[in-house]
Amino acid sequence: METVMTTLAAMPGLLMAVPVEFYIFGLTLLGVALFHHRTLTVALCGLATTVVYKLVFTGFAEGTGFAGLAAHADHEAVILSNLMLLLLGFALLANQFERSNIPEAMPRVLPDGWLGGLTLLALVFVLSAFLDNIAAAIIGGVVARHVYNGKVSIGFLASIVAAANAGGAGSVIGDTTTTMMWISGVSPLAVLKAFIASVVAFAIFGVLGALQQHRYAPIQAHSAADSPKIDPTRAVIVGLILATLLAVNFAGNAWYPEQQDAAPWLGLGLWAAVLVTAIIRAPQWSVLPEAGKGALFLVSLVATASLMPVESLPVASWQTAFGLGFLSSIFDNIPLTALALKQGGYDWGILAFAVGFGGSMMWFGSSAGVALSGLFPQARSVVSWLRHGWYVPIAYVAGFAVMLALSGWQPTPTRAERPPESQAQAAPPKVVDDALHTVGETWRNLTGRIG
(Lines give C-alpha, C1' and ligand atoms only; values in the text may rest on other atoms or scores of the structure.)
Protein backbone atom coordinates (compact mmCIF):
# COMPACT_ATOMS: atom_id res chain seq x y z
CA MET A 1 0.00 0.00 0.00
CA GLU A 2 2.82 2.33 0.90
CA THR A 3 4.49 1.65 -2.46
CA VAL A 4 1.26 2.45 -4.30
CA MET A 5 0.83 5.73 -2.41
CA THR A 6 4.44 6.67 -3.09
CA THR A 7 3.97 6.00 -6.81
CA LEU A 8 0.76 8.06 -6.91
CA ALA A 9 2.46 10.91 -5.10
CA ALA A 10 5.27 10.89 -7.67
CA MET A 11 2.90 10.86 -10.68
CA PRO A 12 2.56 14.67 -11.04
CA GLY A 13 6.33 15.03 -11.13
CA LEU A 14 6.68 12.22 -13.65
CA LEU A 15 4.02 13.74 -15.90
CA MET A 16 5.68 17.15 -15.73
CA ALA A 17 9.00 15.56 -16.70
CA VAL A 18 7.55 14.31 -19.99
CA PRO A 19 8.61 16.71 -22.79
CA VAL A 20 5.79 18.88 -24.16
CA GLU A 21 6.46 17.55 -27.67
CA PHE A 22 5.13 14.14 -26.64
CA TYR A 23 1.88 15.66 -25.38
CA ILE A 24 1.43 17.46 -28.70
CA PHE A 25 2.22 14.23 -30.50
CA GLY A 26 -0.22 12.25 -28.36
CA LEU A 27 -3.00 14.77 -28.93
CA THR A 28 -2.32 14.63 -32.66
CA LEU A 29 -2.65 10.84 -32.69
CA LEU A 30 -5.79 11.07 -30.55
CA GLY A 31 -7.24 13.55 -33.03
CA VAL A 32 -6.46 11.16 -35.89
CA ALA A 33 -8.27 8.37 -34.03
CA LEU A 34 -11.34 10.52 -33.29
CA PHE A 35 -11.71 12.55 -36.49
CA HIS A 36 -11.34 10.01 -39.28
CA HIS A 37 -12.61 12.40 -41.94
CA ARG A 38 -10.15 15.16 -40.99
CA THR A 39 -6.98 13.13 -40.53
CA LEU A 40 -4.84 15.22 -42.92
CA THR A 41 -5.90 18.47 -41.25
CA VAL A 42 -5.18 17.04 -37.79
CA ALA A 43 -1.75 15.75 -38.87
CA LEU A 44 -0.74 19.06 -40.46
CA CYS A 45 -1.92 21.02 -37.39
CA GLY A 46 0.08 18.71 -35.13
CA LEU A 47 3.20 19.17 -37.25
CA ALA A 48 2.79 22.96 -37.34
CA THR A 49 2.21 23.15 -33.58
CA THR A 50 5.32 21.06 -32.86
CA VAL A 51 7.47 23.18 -35.18
CA VAL A 52 6.26 26.44 -33.62
CA TYR A 53 6.83 25.11 -30.09
CA LYS A 54 10.40 24.07 -30.89
CA LEU A 55 11.10 27.36 -32.69
CA VAL A 56 9.96 29.39 -29.69
CA PHE A 57 11.04 27.27 -26.72
CA THR A 58 13.39 24.30 -27.14
CA GLY A 59 15.10 24.44 -30.51
CA PHE A 60 15.95 21.41 -32.64
CA ALA A 61 18.58 18.70 -32.32
CA GLU A 62 20.49 20.41 -35.13
CA GLY A 63 20.28 23.94 -33.65
CA THR A 64 17.93 26.73 -32.63
CA GLY A 65 15.63 29.00 -34.58
CA PHE A 66 15.01 28.84 -38.30
CA ALA A 67 18.59 27.71 -38.93
CA GLY A 68 17.96 24.67 -36.75
CA LEU A 69 14.68 24.01 -38.56
CA ALA A 70 16.41 24.23 -41.94
CA ALA A 71 19.16 21.86 -40.81
CA HIS A 72 16.57 19.39 -39.49
CA ALA A 73 14.58 19.57 -42.74
CA ASP A 74 17.75 18.92 -44.72
CA HIS A 75 18.55 15.92 -42.49
CA GLU A 76 15.09 14.37 -42.97
CA ALA A 77 14.52 15.36 -46.61
CA VAL A 78 15.65 12.11 -48.22
CA ILE A 79 13.66 9.86 -45.87
CA LEU A 80 10.47 11.92 -46.22
CA SER A 81 10.72 12.34 -50.00
CA ASN A 82 11.49 8.64 -50.39
CA LEU A 83 8.41 7.76 -48.37
CA MET A 84 6.23 10.16 -50.37
CA LEU A 85 7.44 8.79 -53.71
CA LEU A 86 7.01 5.18 -52.60
CA LEU A 87 3.49 5.70 -51.27
CA LEU A 88 2.36 7.36 -54.49
CA GLY A 89 4.13 4.74 -56.59
CA PHE A 90 2.56 1.90 -54.59
CA ALA A 91 -0.87 3.38 -55.31
CA LEU A 92 -0.18 3.10 -59.04
CA LEU A 93 1.33 -0.36 -58.59
CA ALA A 94 -1.83 -1.50 -56.80
CA ASN A 95 -3.91 -0.02 -59.61
CA GLN A 96 -1.93 -1.95 -62.22
CA PHE A 97 -2.49 -5.14 -60.21
CA GLU A 98 -6.23 -4.54 -59.92
CA ARG A 99 -6.54 -3.77 -63.64
CA SER A 100 -4.75 -7.02 -64.47
CA ASN A 101 -8.10 -8.67 -63.48
CA ILE A 102 -6.32 -11.10 -61.15
CA PRO A 103 -8.59 -10.08 -58.23
CA GLU A 104 -11.71 -10.88 -60.29
CA ALA A 105 -10.28 -14.31 -61.14
CA MET A 106 -9.45 -15.15 -57.52
CA PRO A 107 -12.95 -16.48 -56.63
CA ARG A 108 -12.46 -19.29 -59.14
CA VAL A 109 -9.85 -20.93 -56.90
CA LEU A 110 -11.83 -20.78 -53.65
CA PRO A 111 -13.15 -24.15 -52.38
CA ASP A 112 -16.58 -24.60 -50.80
CA GLY A 113 -17.24 -24.54 -47.07
CA TRP A 114 -15.21 -22.77 -44.41
CA LEU A 115 -12.02 -23.69 -46.27
CA GLY A 116 -13.08 -21.17 -48.91
CA GLY A 117 -12.87 -18.37 -46.33
CA LEU A 118 -9.53 -19.67 -45.06
CA THR A 119 -8.17 -19.78 -48.61
CA LEU A 120 -9.31 -16.21 -49.22
CA LEU A 121 -7.53 -15.04 -46.07
CA ALA A 122 -4.41 -16.93 -47.18
CA LEU A 123 -4.51 -15.18 -50.55
CA VAL A 124 -4.78 -11.79 -48.82
CA PHE A 125 -1.79 -12.79 -46.65
CA VAL A 126 0.31 -13.71 -49.70
CA LEU A 127 -0.76 -10.64 -51.70
CA SER A 128 0.22 -8.33 -48.86
CA ALA A 129 3.76 -9.72 -48.85
CA PHE A 130 4.47 -8.06 -52.22
CA LEU A 131 1.61 -5.58 -52.54
CA ASP A 132 0.71 -2.77 -50.15
CA ASN A 133 -1.37 -4.12 -47.25
CA ILE A 134 -4.07 -1.52 -47.93
CA ALA A 135 -4.51 -2.81 -51.47
CA ALA A 136 -4.46 -6.42 -50.24
CA ALA A 137 -7.19 -5.69 -47.68
CA ILE A 138 -9.34 -3.91 -50.27
CA ILE A 139 -8.95 -6.78 -52.74
CA GLY A 140 -9.87 -9.27 -50.01
CA GLY A 141 -12.93 -7.21 -49.09
CA VAL A 142 -14.10 -6.98 -52.70
CA VAL A 143 -13.72 -10.74 -53.24
CA ALA A 144 -15.45 -11.51 -49.90
CA ARG A 145 -18.40 -9.30 -50.79
CA HIS A 146 -18.72 -11.17 -54.07
CA VAL A 147 -18.48 -14.75 -52.80
CA TYR A 148 -20.60 -14.13 -49.68
CA ASN A 149 -23.23 -12.11 -51.54
CA GLY A 150 -22.59 -9.03 -49.39
CA LYS A 151 -23.07 -10.88 -46.07
CA VAL A 152 -19.61 -10.48 -44.52
CA SER A 153 -19.33 -10.70 -40.74
CA ILE A 154 -17.36 -8.11 -38.78
CA GLY A 155 -15.18 -10.89 -37.41
CA PHE A 156 -14.23 -11.91 -40.95
CA LEU A 157 -13.49 -8.27 -41.80
CA ALA A 158 -11.16 -8.19 -38.79
CA SER A 159 -9.53 -11.35 -40.13
CA ILE A 160 -9.05 -9.78 -43.56
CA VAL A 161 -7.30 -6.79 -41.97
CA ALA A 162 -5.23 -9.13 -39.79
CA ALA A 163 -4.23 -11.19 -42.84
CA ALA A 164 -3.19 -8.07 -44.75
CA ASN A 165 -1.13 -6.76 -41.82
CA ALA A 166 0.40 -10.17 -41.01
CA GLY A 167 1.45 -10.77 -44.61
CA GLY A 168 3.06 -7.35 -44.88
CA ALA A 169 4.90 -7.55 -41.54
CA GLY A 170 7.79 -9.63 -42.85
CA SER A 171 8.16 -7.90 -46.22
CA VAL A 172 9.82 -4.53 -46.81
CA ILE A 173 7.43 -3.86 -49.69
CA GLY A 174 4.31 -5.15 -47.94
CA ASP A 175 3.74 -2.48 -45.31
CA THR A 176 4.53 1.22 -44.95
CA THR A 177 6.26 0.57 -41.60
CA THR A 178 8.61 -2.05 -43.04
CA THR A 179 9.26 0.15 -46.07
CA MET A 180 10.33 2.90 -43.66
CA MET A 181 12.75 0.43 -42.05
CA TRP A 182 14.07 -0.48 -45.49
CA ILE A 183 14.61 3.19 -46.35
CA SER A 184 16.53 3.61 -43.09
CA GLY A 185 18.97 0.85 -44.01
CA VAL A 186 17.44 -2.11 -42.20
CA SER A 187 18.17 -5.33 -44.08
CA PRO A 188 15.13 -7.11 -45.58
CA LEU A 189 16.51 -10.28 -43.95
CA ALA A 190 16.20 -8.67 -40.51
CA VAL A 191 12.51 -8.01 -41.12
CA LEU A 192 11.87 -11.44 -42.64
CA LYS A 193 11.73 -13.15 -39.22
CA ALA A 194 8.38 -11.44 -38.59
CA PHE A 195 6.83 -14.14 -40.78
CA ILE A 196 7.41 -16.61 -37.93
CA ALA A 197 4.93 -14.71 -35.78
CA SER A 198 2.64 -13.97 -38.73
CA VAL A 199 2.23 -17.65 -39.61
CA VAL A 200 1.46 -18.55 -35.98
CA ALA A 201 -1.05 -15.71 -35.74
CA PHE A 202 -2.66 -16.73 -39.06
CA ALA A 203 -3.19 -20.28 -37.79
CA ILE A 204 -5.36 -18.77 -35.04
CA PHE A 205 -7.29 -15.87 -36.58
CA GLY A 206 -7.49 -17.50 -40.02
CA VAL A 207 -9.22 -20.68 -38.86
CA LEU A 208 -11.48 -18.98 -36.29
CA GLY A 209 -12.40 -16.17 -38.68
CA ALA A 210 -13.23 -18.57 -41.52
CA LEU A 211 -15.38 -20.76 -39.23
CA GLN A 212 -17.21 -17.72 -37.89
CA GLN A 213 -17.93 -16.46 -41.40
CA HIS A 214 -19.13 -19.89 -42.51
CA ARG A 215 -21.66 -19.92 -39.67
CA TYR A 216 -22.73 -16.36 -40.51
CA ALA A 217 -23.08 -16.86 -44.29
CA PRO A 218 -21.73 -19.86 -46.25
CA ILE A 219 -19.68 -19.21 -49.36
CA GLN A 220 -21.61 -18.78 -52.61
CA ALA A 221 -20.84 -20.28 -56.01
CA HIS A 222 -17.29 -19.36 -56.89
CA SER A 223 -17.14 -20.33 -60.56
CA ALA A 224 -16.84 -16.75 -61.78
CA ALA A 225 -17.17 -17.75 -65.43
CA ASP A 226 -18.27 -14.25 -66.45
CA SER A 227 -15.25 -12.55 -64.90
CA PRO A 228 -12.90 -10.78 -67.33
CA LYS A 229 -9.77 -12.51 -68.56
CA ILE A 230 -6.46 -11.83 -66.85
CA ASP A 231 -4.33 -9.20 -68.59
CA PRO A 232 -0.91 -10.90 -68.64
CA THR A 233 0.84 -7.70 -69.74
CA ARG A 234 -0.24 -5.81 -66.62
CA ALA A 235 0.71 -8.81 -64.49
CA VAL A 236 4.21 -8.72 -65.99
CA ILE A 237 4.38 -4.96 -65.41
CA VAL A 238 3.67 -5.50 -61.70
CA GLY A 239 6.50 -8.03 -61.57
CA LEU A 240 8.91 -5.68 -63.39
CA ILE A 241 8.19 -2.81 -61.01
CA LEU A 242 8.77 -5.01 -57.98
CA ALA A 243 11.98 -6.38 -59.51
CA THR A 244 13.19 -2.80 -60.10
CA LEU A 245 12.62 -1.96 -56.45
CA LEU A 246 14.63 -4.96 -55.30
CA ALA A 247 17.43 -4.23 -57.78
CA VAL A 248 17.74 -0.57 -56.71
CA ASN A 249 17.81 -1.55 -53.05
CA PHE A 250 20.47 -4.24 -53.63
CA ALA A 251 22.67 -1.99 -55.76
CA GLY A 252 22.46 0.86 -53.27
CA ASN A 253 23.24 -1.17 -50.16
CA ALA A 254 25.86 -3.46 -51.74
CA TRP A 255 27.68 -1.15 -54.17
CA TYR A 256 26.93 2.48 -53.26
CA PRO A 257 26.15 2.68 -49.52
CA GLU A 258 27.84 6.07 -49.22
CA GLN A 259 25.32 7.50 -51.70
CA GLN A 260 22.17 6.17 -50.00
CA ASP A 261 21.48 9.45 -48.18
CA ALA A 262 22.20 11.62 -51.20
CA ALA A 263 18.81 11.15 -52.92
CA PRO A 264 15.56 9.14 -52.58
CA TRP A 265 16.84 6.36 -54.83
CA LEU A 266 14.16 3.79 -53.99
CA GLY A 267 11.35 6.21 -54.77
CA LEU A 268 13.04 7.43 -57.94
CA GLY A 269 13.65 3.86 -59.10
CA LEU A 270 10.01 2.95 -58.49
CA TRP A 271 8.78 5.94 -60.45
CA ALA A 272 11.21 5.29 -63.31
CA ALA A 273 9.74 1.78 -63.62
CA VAL A 274 6.17 3.11 -63.38
CA LEU A 275 6.73 5.72 -66.10
CA VAL A 276 8.57 3.38 -68.48
CA THR A 277 5.99 0.60 -68.18
CA ALA A 278 3.17 3.14 -68.55
CA ILE A 279 4.16 3.41 -72.21
CA ILE A 280 2.90 -0.17 -72.63
CA ARG A 281 -0.05 -0.13 -70.21
CA ALA A 282 -0.82 3.12 -68.42
CA PRO A 283 -2.25 3.01 -64.90
CA GLN A 284 -5.21 5.16 -63.90
CA TRP A 285 -3.47 8.42 -63.05
CA SER A 286 -6.72 9.60 -61.47
CA VAL A 287 -5.86 7.60 -58.32
CA LEU A 288 -3.01 9.99 -57.53
CA PRO A 289 -4.97 12.92 -55.98
CA GLU A 290 -6.57 10.71 -53.32
CA ALA A 291 -3.34 8.77 -52.84
CA GLY A 292 -1.54 12.08 -52.49
CA LYS A 293 -3.74 13.09 -49.56
CA GLY A 294 -3.07 9.80 -47.80
CA ALA A 295 0.66 10.02 -48.49
CA LEU A 296 0.85 13.61 -47.23
CA PHE A 297 -0.99 12.56 -44.07
CA LEU A 298 1.49 9.77 -43.34
CA VAL A 299 4.53 11.90 -44.21
CA SER A 300 3.22 14.64 -41.87
CA LEU A 301 3.00 12.14 -39.00
CA VAL A 302 6.50 10.85 -39.72
CA ALA A 303 7.84 14.42 -39.88
CA THR A 304 6.24 15.16 -36.50
CA ALA A 305 7.73 11.99 -35.02
CA SER A 306 11.18 13.05 -36.24
CA LEU A 307 10.92 16.13 -33.99
CA MET A 308 10.43 14.11 -30.79
CA PRO A 309 13.23 14.01 -28.16
CA VAL A 310 13.71 10.24 -28.31
CA GLU A 311 16.21 10.24 -25.45
CA SER A 312 13.13 10.44 -23.19
CA LEU A 313 11.60 7.19 -24.54
CA PRO A 314 11.77 3.80 -22.78
CA VAL A 315 14.86 1.80 -23.68
CA ALA A 316 14.49 -0.43 -26.75
CA SER A 317 13.61 -3.97 -25.61
CA TRP A 318 11.22 -6.78 -26.46
CA GLN A 319 8.94 -5.58 -23.67
CA THR A 320 8.79 -2.11 -25.26
CA ALA A 321 8.12 -3.64 -28.70
CA PHE A 322 5.38 -5.82 -27.23
CA GLY A 323 3.73 -2.77 -25.67
CA LEU A 324 4.01 -0.81 -28.92
CA GLY A 325 1.95 -3.55 -30.58
CA PHE A 326 -0.99 -2.83 -28.28
CA LEU A 327 -0.41 0.92 -28.59
CA SER A 328 -0.56 0.66 -32.40
CA SER A 329 -4.14 -0.64 -32.12
CA ILE A 330 -5.10 2.82 -30.85
CA PHE A 331 -2.56 5.09 -32.49
CA ASP A 332 -1.35 4.87 -36.08
CA ASN A 333 1.70 2.62 -36.39
CA ILE A 334 3.50 4.91 -38.87
CA PRO A 335 4.62 7.54 -36.32
CA LEU A 336 5.35 4.84 -33.75
CA THR A 337 7.74 3.22 -36.23
CA ALA A 338 9.31 6.58 -37.01
CA LEU A 339 10.01 7.12 -33.30
CA ALA A 340 11.55 3.65 -33.00
CA LEU A 341 13.78 4.23 -36.04
CA LYS A 342 14.97 7.53 -34.64
CA GLN A 343 15.69 5.91 -31.27
CA GLY A 344 17.36 2.78 -32.67
CA GLY A 345 18.41 -0.37 -30.86
CA TYR A 346 15.46 -2.56 -31.88
CA ASP A 347 15.12 -6.05 -33.27
CA TRP A 348 13.36 -4.88 -36.42
CA GLY A 349 11.68 -8.20 -37.21
CA ILE A 350 10.02 -8.26 -33.80
CA LEU A 351 9.07 -4.59 -34.03
CA ALA A 352 7.72 -5.06 -37.58
CA PHE A 353 5.28 -7.72 -36.41
CA ALA A 354 4.36 -5.80 -33.25
CA VAL A 355 3.45 -2.48 -34.86
CA GLY A 356 2.29 -4.03 -38.14
CA PHE A 357 -0.02 -6.74 -36.84
CA GLY A 358 -0.88 -5.01 -33.57
CA GLY A 359 -2.98 -2.43 -35.41
CA SER A 360 -5.37 -5.23 -36.44
CA MET A 361 -6.81 -5.33 -32.92
CA MET A 362 -8.88 -2.21 -33.67
CA TRP A 363 -10.54 -1.14 -36.92
CA PHE A 364 -8.79 2.24 -36.93
CA GLY A 365 -5.44 0.84 -35.72
CA SER A 366 -4.04 0.39 -39.22
CA SER A 367 -4.47 1.96 -42.64
CA ALA A 368 -5.77 -1.37 -43.95
CA GLY A 369 -8.60 -1.34 -41.37
CA VAL A 370 -9.53 2.26 -42.11
CA ALA A 371 -9.54 1.54 -45.86
CA LEU A 372 -11.67 -1.61 -45.52
CA SER A 373 -14.20 0.19 -43.32
CA GLY A 374 -14.85 2.43 -46.32
CA LEU A 375 -16.27 -0.62 -48.11
CA PHE A 376 -18.04 -1.94 -45.00
CA PRO A 377 -19.19 0.99 -42.79
CA GLN A 378 -20.66 -1.46 -40.25
CA ALA A 379 -17.08 -2.24 -39.21
CA ARG A 380 -16.70 1.22 -37.64
CA SER A 381 -17.65 0.03 -34.19
CA VAL A 382 -15.07 -0.58 -31.49
CA VAL A 383 -17.43 -2.79 -29.50
CA SER A 384 -18.41 -4.95 -32.50
CA TRP A 385 -14.80 -5.24 -33.67
CA LEU A 386 -13.62 -6.46 -30.26
CA ARG A 387 -16.67 -8.68 -29.75
CA HIS A 388 -16.44 -10.51 -33.06
CA GLY A 389 -12.68 -10.26 -33.63
CA TRP A 390 -11.68 -11.27 -30.10
CA TYR A 391 -9.23 -13.84 -31.42
CA VAL A 392 -6.99 -11.24 -33.09
CA PRO A 393 -5.37 -10.06 -29.78
CA ILE A 394 -4.88 -13.72 -28.83
CA ALA A 395 -3.19 -14.34 -32.19
CA TYR A 396 -0.92 -11.31 -31.58
CA VAL A 397 0.25 -12.56 -28.18
CA ALA A 398 0.77 -16.13 -29.43
CA GLY A 399 2.68 -15.05 -32.55
CA PHE A 400 4.89 -12.65 -30.59
CA ALA A 401 5.68 -15.29 -27.94
CA VAL A 402 6.64 -17.98 -30.46
CA MET A 403 8.84 -15.62 -32.51
CA LEU A 404 10.64 -14.37 -29.39
CA ALA A 405 11.17 -17.93 -28.14
CA LEU A 406 12.55 -19.17 -31.47
CA SER A 407 14.68 -16.21 -32.55
CA GLY A 408 15.34 -14.23 -29.39
CA TRP A 409 15.93 -10.47 -29.22
CA GLN A 410 18.60 -9.57 -31.80
CA PRO A 411 18.92 -5.80 -32.37
CA THR A 412 20.50 -4.66 -35.63
CA PRO A 413 21.64 -1.10 -36.40
CA THR A 414 20.05 1.17 -38.96
CA ARG A 415 22.23 3.00 -41.47
CA ALA A 416 22.33 6.05 -39.21
CA GLU A 417 23.62 3.91 -36.31
CA ARG A 418 26.42 2.28 -38.29
CA PRO A 419 29.78 4.06 -38.55
CA PRO A 420 30.76 4.74 -42.18
CA GLU A 421 33.83 2.49 -42.02
CA SER A 422 31.70 -0.49 -40.96
CA GLN A 423 29.42 -0.34 -43.98
CA ALA A 424 30.72 -2.94 -46.39
CA GLN A 425 30.92 -1.95 -50.03
CA ALA A 426 31.42 -4.39 -52.87
CA ALA A 427 32.70 -3.34 -56.26
CA PRO A 428 29.83 -3.03 -58.75
CA PRO A 429 30.08 -4.67 -62.18
CA LYS A 430 32.02 -2.40 -64.55
CA VAL A 431 29.18 -2.21 -67.07
CA VAL A 432 26.78 -1.06 -64.34
CA ASP A 433 29.25 1.45 -62.92
CA ASP A 434 30.03 2.89 -66.36
CA ALA A 435 26.33 3.18 -67.22
CA LEU A 436 25.53 4.97 -63.97
CA HIS A 437 28.44 7.38 -64.38
CA THR A 438 27.28 8.13 -67.93
CA VAL A 439 23.75 8.86 -66.71
CA GLY A 440 25.13 11.04 -63.92
CA GLU A 441 27.38 12.99 -66.28
CA THR A 442 24.51 13.50 -68.71
CA TRP A 443 22.28 14.73 -65.89
CA ARG A 444 24.94 17.19 -64.65
CA ASN A 445 25.46 18.55 -68.16
CA LEU A 446 21.73 18.92 -68.67
CA THR A 447 21.10 20.66 -65.37
CA GLY A 448 24.18 22.85 -65.93
CA ARG A 449 22.83 24.09 -69.26
CA ILE A 450 19.40 24.74 -67.76
CA GLY A 451 20.98 26.64 -64.88
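This is a predicted model: local features need pLDDT of at least 70, side-chain atom pairs count only at pLDDT 80 or more; totals for chains, interfaces and linings use all residues.
Residues are numbered from 1 along each chain as its sequence is written, and side-chain values use heavy atoms, with hydrogens and water left out.

By cavity I mean a set of points on a 1 Å grid over the protein atoms alone where a 1.4 Å probe fits but cannot get out; lining residues have an atom within 4 Å of a point. The volume is the space filled by probe spheres set on the points. Searching the whole structure gives 1 cavity of 30 Å³ or more.

Who lines it? Asn133, Ile134, Asp175, Thr176, Asn333, Ile334, Ser366 and Ser367. Helices here are DSSP runs of H or I, at least four residues, and α7 (133–147) and α16 (333–343) each give at least two residues to that lining.

Now the core, meaning buried Ala, Val, Leu, Ile, Met, Phe, Trp, Tyr and Cys residues joined through side-chain atoms within 4.5 Å. Buried is under 20% relative accessible area, with a 1.4 Å probe and protein chains only. The largest nonpolar core has 113 residues, and Leu351 is among those with the most contacts inside it. Helix α8 (residues 154–169) provides the largest share, 11 residues.

Last, α17 (residues 348–358): 11 of its 11 residues are buried, including Trp348 and Phe357. At its N-terminal end, Asp347 is the cap, with a side-chain oxygen 3.2 Å from the backbone nitrogen of Gly349.

Key:
On a 1 Å grid over the protein atoms alone, a cavity is a set of points where a 1.4 Å probe fits but cannot get out, and a pocket is an open set with protein on both sides within 12 Å along at least five of seven lines; lining residues have an atom within 4 Å of a point. Buried means under 20% relative accessible area, exposed over 50%, partly exposed in between (1.4 Å probe, protein chains only). A polar contact is a pair of N or O atoms within 3.5 Å; within protein, one must be able to donate a hydrogen and the other to accept it, and residues adjacent in sequence count only if both atoms are side-chain atoms.
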